[in-house]
Amino acid sequence: MNFFISASLAFFVLSIYTAHYIVELHKTTKDSAERDFVSKTSLYVSIEEEEDVSYSPLQHDYYRDSCPSAERIIRKALKEIYKARPSIAPSLIRLLFHDCFIETSSEKEAPPNLSLKGLDVIAFIKSELENTCPGVVSCADTLALATKEAVSLAGGPKYSLRIGRKDSLVTFKDIAQRELPSPHATLSEILARFASRGFSPQETVSLLGAHSIGITHCTFFQDRLYNFSGTGKPDPELNTGFLQELKSKCPFSASASSPSPFNNEGGYLNFGSRYYRRLLQNKGVMFSDQQLMASEETETWVRAYASDPLLFQRDFIKSMVKLSSYHVLTGPLGQVRTNCSKVLPLN
(Lines give C-alpha, C1' and ligand atoms only; values in the text may rest on other atoms or scores of the structure.)
Protein backbone atom coordinates (compact mmCIF):
# COMPACT_ATOMS: atom_id res chain seq x y z
CA MET A 1 0.00 0.00 0.00
CA ASN A 2 1.40 3.33 -0.96
CA PHE A 3 1.86 6.12 1.55
CA PHE A 4 -0.28 9.21 1.14
CA ILE A 5 0.33 12.94 1.26
CA SER A 6 -1.40 14.58 4.12
CA ALA A 7 -2.71 18.09 3.97
CA SER A 8 -1.33 19.87 7.00
CA LEU A 9 -3.01 21.80 9.77
CA ALA A 10 -2.64 25.56 10.19
CA PHE A 11 -3.43 28.51 12.45
CA PHE A 12 -5.13 27.07 15.44
CA VAL A 13 -5.45 27.20 19.18
CA LEU A 14 -4.07 24.10 20.88
CA SER A 15 -5.21 22.90 24.29
CA ILE A 16 -3.55 20.18 26.31
CA TYR A 17 -5.31 18.43 29.14
CA THR A 18 -3.98 15.78 31.55
CA ALA A 19 -5.24 14.52 34.88
CA HIS A 20 -2.59 15.61 37.37
CA TYR A 21 -1.24 19.13 36.89
CA ILE A 22 -2.19 22.70 35.94
CA VAL A 23 0.55 24.66 34.27
CA GLU A 24 0.26 28.36 33.68
CA LEU A 25 3.03 29.70 31.46
CA HIS A 26 4.11 33.27 31.92
CA LYS A 27 6.98 35.56 31.01
CA THR A 28 8.97 36.96 33.95
CA THR A 29 11.38 39.31 32.19
CA LYS A 30 12.50 39.80 28.61
CA ASP A 31 15.56 37.62 29.13
CA SER A 32 13.98 35.09 31.49
CA ALA A 33 12.84 31.65 30.45
CA GLU A 34 9.18 30.72 30.74
CA ARG A 35 8.33 29.29 34.12
CA ASP A 36 5.67 26.83 35.08
CA PHE A 37 3.21 27.24 37.93
CA VAL A 38 2.13 23.77 38.94
CA SER A 39 -0.81 22.80 41.16
CA LYS A 40 -1.74 19.30 42.23
CA THR A 41 -4.98 18.76 40.35
CA SER A 42 -4.76 18.90 36.54
CA LEU A 43 -2.70 20.26 33.66
CA TYR A 44 -3.94 22.82 31.23
CA VAL A 45 -1.74 24.48 28.64
CA SER A 46 -3.17 26.84 26.06
CA ILE A 47 -1.03 27.69 23.05
CA GLU A 48 -2.30 30.25 20.59
CA GLU A 49 -0.55 30.71 17.27
CA GLU A 50 0.43 34.23 16.27
CA GLU A 51 -1.64 33.98 13.11
CA ASP A 52 -5.33 34.84 13.19
CA VAL A 53 -7.15 31.50 13.21
CA SER A 54 -10.36 33.14 12.03
CA TYR A 55 -8.98 33.01 8.49
CA SER A 56 -8.23 29.28 8.64
CA PRO A 57 -10.46 26.92 6.64
CA LEU A 58 -9.72 24.30 9.30
CA GLN A 59 -12.27 24.04 12.09
CA HIS A 60 -12.70 22.03 15.28
CA ASP A 61 -16.20 21.02 14.16
CA TYR A 62 -15.46 20.65 10.46
CA TYR A 63 -17.42 17.38 10.21
CA ARG A 64 -20.26 18.51 12.48
CA ASP A 65 -22.87 18.19 9.73
CA SER A 66 -21.24 15.85 7.21
CA CYS A 67 -19.94 13.19 9.64
CA PRO A 68 -20.65 14.09 13.28
CA SER A 69 -19.46 10.73 14.57
CA ALA A 70 -16.05 10.89 12.80
CA GLU A 71 -13.90 11.60 15.83
CA ARG A 72 -15.79 9.11 17.97
CA ILE A 73 -15.28 6.39 15.34
CA ILE A 74 -11.56 7.11 15.17
CA ARG A 75 -11.17 7.28 18.95
CA LYS A 76 -13.05 4.03 19.56
CA ALA A 77 -11.20 2.11 16.84
CA LEU A 78 -7.78 3.24 18.01
CA LYS A 79 -8.44 2.47 21.65
CA GLU A 80 -9.45 -1.07 20.76
CA ILE A 81 -6.41 -1.53 18.54
CA TYR A 82 -4.10 -0.10 21.20
CA LYS A 83 -5.26 -2.65 23.76
CA ALA A 84 -4.03 -5.49 21.58
CA ARG A 85 -1.19 -3.64 19.89
CA PRO A 86 0.31 -0.86 22.05
CA SER A 87 3.18 -0.47 19.61
CA ILE A 88 0.73 1.27 17.28
CA ALA A 89 1.13 4.51 19.25
CA PRO A 90 4.76 5.23 18.29
CA SER A 91 4.05 3.89 14.80
CA LEU A 92 1.31 6.45 14.19
CA ILE A 93 3.32 9.30 15.67
CA ARG A 94 6.17 8.48 13.34
CA LEU A 95 3.77 8.05 10.43
CA LEU A 96 2.33 11.53 10.95
CA PHE A 97 5.82 12.97 11.30
CA HIS A 98 6.94 11.55 7.97
CA ASP A 99 3.66 12.31 6.26
CA CYS A 100 3.86 16.01 7.12
CA PHE A 101 7.62 16.31 6.76
CA ILE A 102 8.03 14.96 3.25
CA GLU A 103 4.53 15.32 1.83
CA THR A 104 4.51 12.10 -0.09
CA SER A 105 2.02 9.34 -0.72
CA SER A 106 4.26 6.60 -2.03
CA GLU A 107 7.37 7.01 0.09
CA LYS A 108 6.93 3.81 2.06
CA GLU A 109 9.65 2.12 0.03
CA ALA A 110 12.16 4.97 0.43
CA PRO A 111 15.23 3.84 2.46
CA PRO A 112 14.61 5.81 5.69
CA ASN A 113 11.04 4.51 5.80
CA LEU A 114 11.38 0.78 5.25
CA SER A 115 10.22 0.21 8.83
CA LEU A 116 7.18 2.48 8.70
CA LYS A 117 4.20 0.79 10.32
CA GLY A 118 0.64 1.82 10.99
CA LEU A 119 -0.58 2.17 7.43
CA ASP A 120 -2.79 -0.89 7.93
CA VAL A 121 -4.39 0.73 10.95
CA ILE A 122 -5.13 3.96 9.09
CA ALA A 123 -6.61 1.89 6.25
CA PHE A 124 -8.84 0.03 8.72
CA ILE A 125 -10.04 3.20 10.45
CA LYS A 126 -10.63 4.84 7.09
CA SER A 127 -12.80 1.88 6.04
CA GLU A 128 -14.84 2.30 9.23
CA LEU A 129 -15.37 5.95 8.37
CA GLU A 130 -16.33 5.07 4.79
CA ASN A 131 -18.99 2.69 6.10
CA THR A 132 -20.62 5.55 7.98
CA CYS A 133 -19.73 8.64 5.97
CA PRO A 134 -18.50 7.64 2.49
CA GLY A 135 -16.22 10.11 0.77
CA VAL A 136 -16.27 12.66 3.60
CA VAL A 137 -13.32 12.30 6.00
CA SER A 138 -9.89 12.64 4.39
CA CYS A 139 -7.01 10.27 5.00
CA ALA A 140 -5.03 13.28 6.22
CA ASP A 141 -7.54 14.04 8.96
CA THR A 142 -7.88 10.33 9.78
CA LEU A 143 -4.15 10.12 10.42
CA ALA A 144 -3.99 13.41 12.32
CA LEU A 145 -6.87 12.49 14.63
CA ALA A 146 -5.63 8.94 15.15
CA THR A 147 -2.18 10.25 16.04
CA LYS A 148 -3.70 12.70 18.51
CA GLU A 149 -5.26 9.74 20.29
CA ALA A 150 -2.00 7.78 20.05
CA VAL A 151 -0.04 10.55 21.77
CA SER A 152 -2.48 10.50 24.67
CA LEU A 153 -2.53 6.70 24.92
CA ALA A 154 1.28 6.65 24.98
CA GLY A 155 1.33 9.00 27.96
CA GLY A 156 1.69 12.27 26.11
CA PRO A 157 -0.49 15.37 26.51
CA LYS A 158 -4.02 15.55 25.18
CA TYR A 159 -4.73 18.29 22.68
CA SER A 160 -7.39 19.45 20.25
CA LEU A 161 -7.11 19.72 16.49
CA ARG A 162 -8.64 21.89 13.81
CA ILE A 163 -9.55 19.63 10.92
CA GLY A 164 -10.69 19.81 7.33
CA ARG A 165 -7.48 18.86 5.57
CA LYS A 166 -7.55 17.31 2.12
CA ASP A 167 -5.39 14.59 0.60
CA SER A 168 -2.87 15.36 -2.11
CA LEU A 169 -3.58 14.91 -5.80
CA VAL A 170 -0.09 13.58 -6.57
CA THR A 171 2.76 11.51 -5.12
CA PHE A 172 6.41 12.35 -4.58
CA LYS A 173 8.38 9.21 -3.84
CA ASP A 174 11.70 10.78 -4.84
CA ILE A 175 11.27 13.56 -2.30
CA ALA A 176 11.23 10.96 0.47
CA GLN A 177 14.72 9.77 -0.40
CA ARG A 178 16.12 13.29 -0.50
CA GLU A 179 14.45 14.82 2.53
CA LEU A 180 14.09 12.27 5.34
CA PRO A 181 16.84 12.51 7.97
CA SER A 182 18.79 9.26 8.26
CA PRO A 183 19.43 7.47 11.58
CA HIS A 184 23.09 8.15 10.76
CA ALA A 185 22.66 11.88 10.08
CA THR A 186 24.96 14.40 11.72
CA LEU A 187 23.60 17.31 13.73
CA SER A 188 24.30 19.77 10.92
CA GLU A 189 22.35 17.58 8.50
CA ILE A 190 19.43 17.21 10.89
CA LEU A 191 19.22 20.92 11.65
CA ALA A 192 19.50 21.81 7.96
CA ARG A 193 16.60 19.52 7.04
CA PHE A 194 14.37 21.04 9.68
CA ALA A 195 15.55 24.59 9.07
CA SER A 196 14.49 24.23 5.43
CA ARG A 197 10.97 23.95 6.79
CA GLY A 198 11.29 26.82 9.22
CA PHE A 199 12.12 24.91 12.40
CA SER A 200 14.58 26.28 14.92
CA PRO A 201 17.13 24.09 16.73
CA GLN A 202 14.90 24.19 19.81
CA GLU A 203 11.88 23.00 17.84
CA THR A 204 13.96 20.28 16.24
CA VAL A 205 15.10 18.98 19.62
CA SER A 206 11.52 18.91 20.88
CA LEU A 207 10.24 17.06 17.81
CA LEU A 208 12.89 14.36 18.11
CA GLY A 209 11.47 13.68 21.55
CA ALA A 210 8.91 11.58 19.68
CA HIS A 211 11.65 8.93 19.70
CA SER A 212 10.93 8.55 23.41
CA ILE A 213 8.45 5.73 22.82
CA GLY A 214 8.63 2.51 20.86
CA ILE A 215 11.50 0.16 20.19
CA THR A 216 14.52 0.66 17.97
CA HIS A 217 15.71 -2.17 15.74
CA CYS A 218 19.33 -3.23 15.53
CA THR A 219 19.70 -2.26 11.90
CA PHE A 220 19.48 1.43 12.84
CA PHE A 221 22.46 1.42 15.20
CA GLN A 222 24.44 -1.81 14.72
CA ASP A 223 27.29 0.06 13.01
CA ARG A 224 27.81 2.03 16.25
CA LEU A 225 28.48 -1.25 18.05
CA TYR A 226 30.92 -2.94 15.68
CA ASN A 227 32.08 -0.75 12.79
CA PHE A 228 31.54 2.93 13.47
CA SER A 229 32.43 5.01 10.39
CA GLY A 230 34.24 2.03 8.90
CA THR A 231 36.79 1.86 11.74
CA GLY A 232 35.98 -1.71 12.77
CA LYS A 233 35.47 -0.38 16.30
CA PRO A 234 32.51 0.89 18.35
CA ASP A 235 31.45 4.53 18.48
CA PRO A 236 33.86 6.04 21.06
CA GLU A 237 31.16 8.41 22.31
CA LEU A 238 28.82 5.57 23.29
CA ASN A 239 28.55 4.91 27.03
CA THR A 240 30.72 1.84 27.72
CA GLY A 241 28.21 0.01 29.88
CA PHE A 242 25.42 0.84 27.47
CA LEU A 243 27.54 -0.48 24.60
CA GLN A 244 27.79 -3.87 26.28
CA GLU A 245 24.03 -3.93 26.92
CA LEU A 246 23.31 -3.21 23.27
CA LYS A 247 25.79 -5.84 22.11
CA SER A 248 24.06 -8.45 24.27
CA LYS A 249 20.79 -7.69 22.53
CA CYS A 250 22.24 -7.14 19.07
CA PRO A 251 25.14 -9.55 18.57
CA PHE A 252 27.17 -9.19 15.43
CA SER A 253 25.24 -11.98 13.71
CA ALA A 254 21.81 -10.77 14.83
CA SER A 255 18.97 -10.23 12.43
CA ALA A 256 18.49 -6.64 11.40
CA SER A 257 14.96 -6.77 12.81
CA SER A 258 16.14 -7.58 16.34
CA PRO A 259 14.93 -4.83 18.66
CA SER A 260 16.98 -2.99 21.25
CA PRO A 261 16.05 -3.60 24.88
CA PHE A 262 14.97 -0.02 25.47
CA ASN A 263 11.31 0.76 25.18
CA ASN A 264 10.10 3.96 26.80
CA GLU A 265 6.68 3.03 28.11
CA GLY A 266 5.66 6.66 28.45
CA GLY A 267 3.52 7.98 31.25
CA TYR A 268 2.66 11.62 31.81
CA LEU A 269 5.98 12.45 33.48
CA ASN A 270 8.12 10.13 31.34
CA PHE A 271 6.92 10.98 27.85
CA GLY A 272 10.06 12.48 26.35
CA SER A 273 12.04 13.15 29.52
CA ARG A 274 13.51 9.65 29.72
CA TYR A 275 14.77 10.00 26.15
CA TYR A 276 16.62 13.22 26.99
CA ARG A 277 18.03 11.83 30.24
CA ARG A 278 19.56 8.98 28.28
CA LEU A 279 21.21 11.43 25.89
CA LEU A 280 22.86 13.16 28.88
CA GLN A 281 24.38 9.78 29.77
CA ASN A 282 25.63 9.14 26.22
CA LYS A 283 22.97 6.44 25.91
CA GLY A 284 21.29 7.62 22.75
CA VAL A 285 20.52 4.50 20.74
CA MET A 286 20.73 6.00 17.26
CA PHE A 287 23.65 8.17 16.19
CA SER A 288 21.28 10.91 15.03
CA ASP A 289 19.69 11.06 18.50
CA GLN A 290 23.00 11.37 20.34
CA GLN A 291 23.96 14.15 17.93
CA LEU A 292 21.62 16.46 19.86
CA MET A 293 24.46 16.71 22.38
CA ALA A 294 26.92 17.87 19.71
CA SER A 295 26.31 21.61 20.05
CA GLU A 296 25.87 23.92 23.00
CA GLU A 297 22.49 25.17 21.77
CA THR A 298 20.85 21.79 21.28
CA GLU A 299 22.47 20.39 24.42
CA THR A 300 20.87 23.23 26.39
CA TRP A 301 17.42 22.10 25.31
CA VAL A 302 18.21 18.43 25.93
CA ARG A 303 19.08 19.36 29.52
CA ALA A 304 15.98 21.51 29.88
CA TYR A 305 13.63 18.78 28.66
CA ALA A 306 15.38 16.10 30.73
CA SER A 307 14.71 18.07 33.90
CA ASP A 308 11.28 19.49 33.06
CA PRO A 309 8.80 17.03 31.50
CA LEU A 310 6.02 19.63 31.44
CA LEU A 311 8.17 22.06 29.48
CA PHE A 312 8.91 19.32 26.98
CA GLN A 313 5.23 18.43 26.60
CA ARG A 314 4.37 22.06 25.93
CA ASP A 315 7.12 22.52 23.35
CA PHE A 316 6.54 19.13 21.76
CA ILE A 317 2.88 19.89 21.09
CA LYS A 318 3.69 23.39 19.86
CA SER A 319 6.22 21.95 17.40
CA MET A 320 3.82 19.23 16.31
CA VAL A 321 1.26 21.91 15.55
CA LYS A 322 3.81 23.78 13.46
CA LEU A 323 4.87 20.59 11.68
CA SER A 324 1.27 19.78 10.87
CA SER A 325 0.77 23.27 9.47
CA TYR A 326 3.34 22.82 6.73
CA HIS A 327 1.83 23.22 3.24
CA VAL A 328 -1.78 22.75 4.22
CA LEU A 329 -4.19 21.61 1.52
CA THR A 330 -7.86 22.50 1.78
CA GLY A 331 -10.87 22.86 -0.49
CA PRO A 332 -10.19 22.38 -4.21
CA LEU A 333 -6.42 22.14 -3.62
CA GLY A 334 -6.86 18.52 -2.55
CA GLN A 335 -9.26 15.61 -2.54
CA VAL A 336 -10.84 13.13 -0.13
CA ARG A 337 -9.54 9.71 -1.01
CA THR A 338 -11.76 6.72 -0.42
CA ASN A 339 -8.67 4.50 -0.37
CA CYS A 340 -5.64 6.15 1.23
CA SER A 341 -3.19 4.40 -1.09
CA LYS A 342 -4.82 5.61 -4.29
CA VAL A 343 -5.20 9.08 -5.75
CA LEU A 344 -8.68 9.59 -7.13
CA PRO A 345 -8.77 10.21 -10.90
CA LEU A 346 -9.23 13.85 -11.84
CA ASN A 347 -12.38 14.76 -13.68
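**View 1. Cys 67, with a relative accessibility of 1%, counts as buried because that value is under the 20% cut-off.** In this predicted model, the partner of Cys 67 is Cys 133, and the two form a disulfide with sulfur atoms 2.1 Å apart. Distant parts of the chain are linked here: Cys 67 sits in the loop between strand S4 (43-48) and helix H1 (70-84), while Cys 133 sits in the loop between helix H3 (119-132) and helix H4 (139-153), 66 residues apart. The torsion about the S-S bond of Cys 67 and Cys 133 is about 80°, so this disulfide is right-handed. Cys 133 is also buried, at 6% relative accessibility.

**View 2. Cys 139 and Cys 340 are joined by a disulfide, with 2.1 Å between their sulfur atoms.** The link of Cys 139 and Cys 340 is left-handed, with -100° about the S-S bond. Cys 139 belongs to helix H4 and Cys 340 to the segment after helix H13 (309-324), so the pair ties together parts 201 residues apart in sequence. Cys 139 is buried at 0% relative accessibility, and Cys 340 is buried at 5%.

**View 3. Cys 218 and Cys 250 form a disulfide, their sulfur atoms lying 1.9 Å apart.** This pair links distant parts of the chain, 32 residues apart: Cys 218 is in the loop between helix H7 (201-207) and helix H8 (222-226), and Cys 250 is in the loop between helix H9 (240-249) and helix H10 (273-280). A torsion of about -75° about the S-S bond makes the disulfide of Cys 218 and Cys 250 left-handed. Cys 218 is buried, with a relative accessible area of 0%, and Cys 250 is buried at 0% relative accessibility.

**View 4. The structure holds three disulfides.** Counting bonded cysteines along the chain, the disulfides follow the pattern 1-2, 3-6, 4-5.

Notes
Residues are numbered from 1 along each chain as its sequence is written. This is a predicted model: local features need pLDDT of at least 70, side-chain atom pairs count only at pLDDT 80 or more; totals for chains, interfaces and linings use all residues. Side-chain values use heavy atoms; hydrogens and water are left out. A disulfide is a pair of cysteine sulfur atoms within 2.5 Å. Helices (H or I, at least four residues) and strands (E, at least two) are DSSP runs, numbered from the N terminus. Buried means under 20% relative accessible area, exposed over 50%, partly exposed in between (1.4 Å probe, protein chains only).
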